[in-house]
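Welcome! Here is a short tour of one protein chain, meant for someone meeting it for the first time. Please have a look at the sequence and the 3D view before reading on.

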Amino acid sequence: MRVKHVPQRTCIACRQIASKRDLVRVVRSPDGTIQIDQTGKKPGRGAYLCRRKSCWARATKGKQLEAALKVALSPADKAMLAEFAATWAQVDDQADENAIVQPDAVNDDEASEKS
Ligand SMILES: [Zn+2]
């Protein structure tokens, strides 16, 4: 019996362990720029985040990503990362089922917005 080896990484925001391909790699290139590494092969120091907007928000607003990459993120970097995260809102909904529920994510604003 052979156990198939699946590379696993930890999301820097929620600390959940997932297979590498389910995570998105953010890399600080040798030249210092921050990039989304869709291939997982770019050179540089990498950090992994799962495909949840909540994790991206937490990692970029907090210090997790900066700490993981050992770099200070510029406003432009953060905007780029937020923009990238915004492109998979639907993936977010599906994947979030069993994940951390943030109490303040419940928006009763919309429901009560009848005038
Ligand atoms: Zn996560």
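Predicted model: local features only at pLDDT ≥ 70, side-chain atom pairs only at ≥ 80, totals over all residues.

Two strands pair if DSSP finds at least two bridges between them. Helices (H or I, at least four residues) and strands (E, at least two) are themselves DSSP runs, numbered from the N terminus. Residues are numbered from 1 along each chain as its sequence is written.

**The chain as a whole**

- The protein chain has five helices and five strands.
- Read from the N terminus, the elements run β-β-β-β-β-α-α-α-α-α.
- Of the 115 residues in the protein chain, 20% are buried; a residue is buried if 20 or more other C-beta atoms lie within 10 Å of its own, exposed if 12 or fewer, and partly exposed in between, with C-beta atoms placed from the backbone.
- Two residues are in contact if their C-beta atoms, placed from the backbone, lie within 7 Å.
- Among contacts in the protein chain with a separation of 6 or more, 50% are between residues 24 or more positions apart.

- In general, strands of a sheet pair through backbone hydrogen bonds, either parallel or antiparallel.
- E3 and E5 run antiparallel and are joined by six bridges.
- Valine 24 has leucine 49 of E5 as its bridge partner, and valine 27 stands opposite glycine 46 in E5.
- E3 and E4 (residues 34-37) also run antiparallel, joined by four bridges.
- On that side, valine 27 stands opposite glutamine 35, and arginine 25 stands opposite aspartate 37.
- The hairpin of E3 and E4 has five residues between the strands, and glycine 32 takes a positive phi near 95 degrees there.
- Five of the six residues of E3 are buried, which leaves this strand mostly covered.

**The nonpolar core**

- A nonpolar core is a set of buried Ala, Val, Leu, Ile, Met, Phe, Trp, Tyr and Cys residues joined through C-beta atoms within 7 Å.
- The largest one has 18 residues, and those with the most contacts inside it are Cys11, Ile12, Val26, Tyr48, Leu49, Cys55 and Ala59.
- Strand E3 (23-28), strand E5 (45-50), helix H1 (53-61) and helix H3 (75-86) each supply at least two residues of this core.
- Leaving aside residues up to four places away in sequence, alanine 59 touches Ile12, Ala13, Leu49, Gln64 and Leu65.

**Two helices side by side**

- How do H1 and H3 pack? Their axes are 9 Å apart, at an angle of about 175 degrees.
- H1 contributes Lys53, Trp56 and Thr60 to the contact, and H3 contributes Lys78, Leu81, Ala82 and Ala85.
- These residues divide into four nonpolar, one polar and two charged, where Ala, Val, Leu, Ile, Met, Phe, Trp, Tyr, Cys and Pro count as nonpolar, Asp, Glu, Lys and Arg as charged, and the others, Gly among them, as polar.

**Loop residues worth a look**

- Most residues other than glycine have a negative phi, and most peptide bonds are trans.
- Arginine 15 is not a glycine, yet it has a positive phi of about 70 degrees.
- Arginine 15 lies in the loop between strand E1 (8-10) and strand E2 (17-19), and it is exposed because it has 9 other C-beta atoms within 10 Å.
- Lysine 70, also not a glycine, has a positive phi of about 55 degrees and is found in the loop between H2 and H3.
- Serine 74 is in the loop between helix H2 (64-69) and H3, and counts as exposed because it has 11 C-beta neighbours inside 10 Å.
- Serine 74 and threonine 33 are 41 residues apart in sequence and 9.9 Å apart in space, C-alpha to C-alpha.

Key. Axes fitted to C-alpha atoms, helices over the stretch in contact; angles between N-to-C directions.
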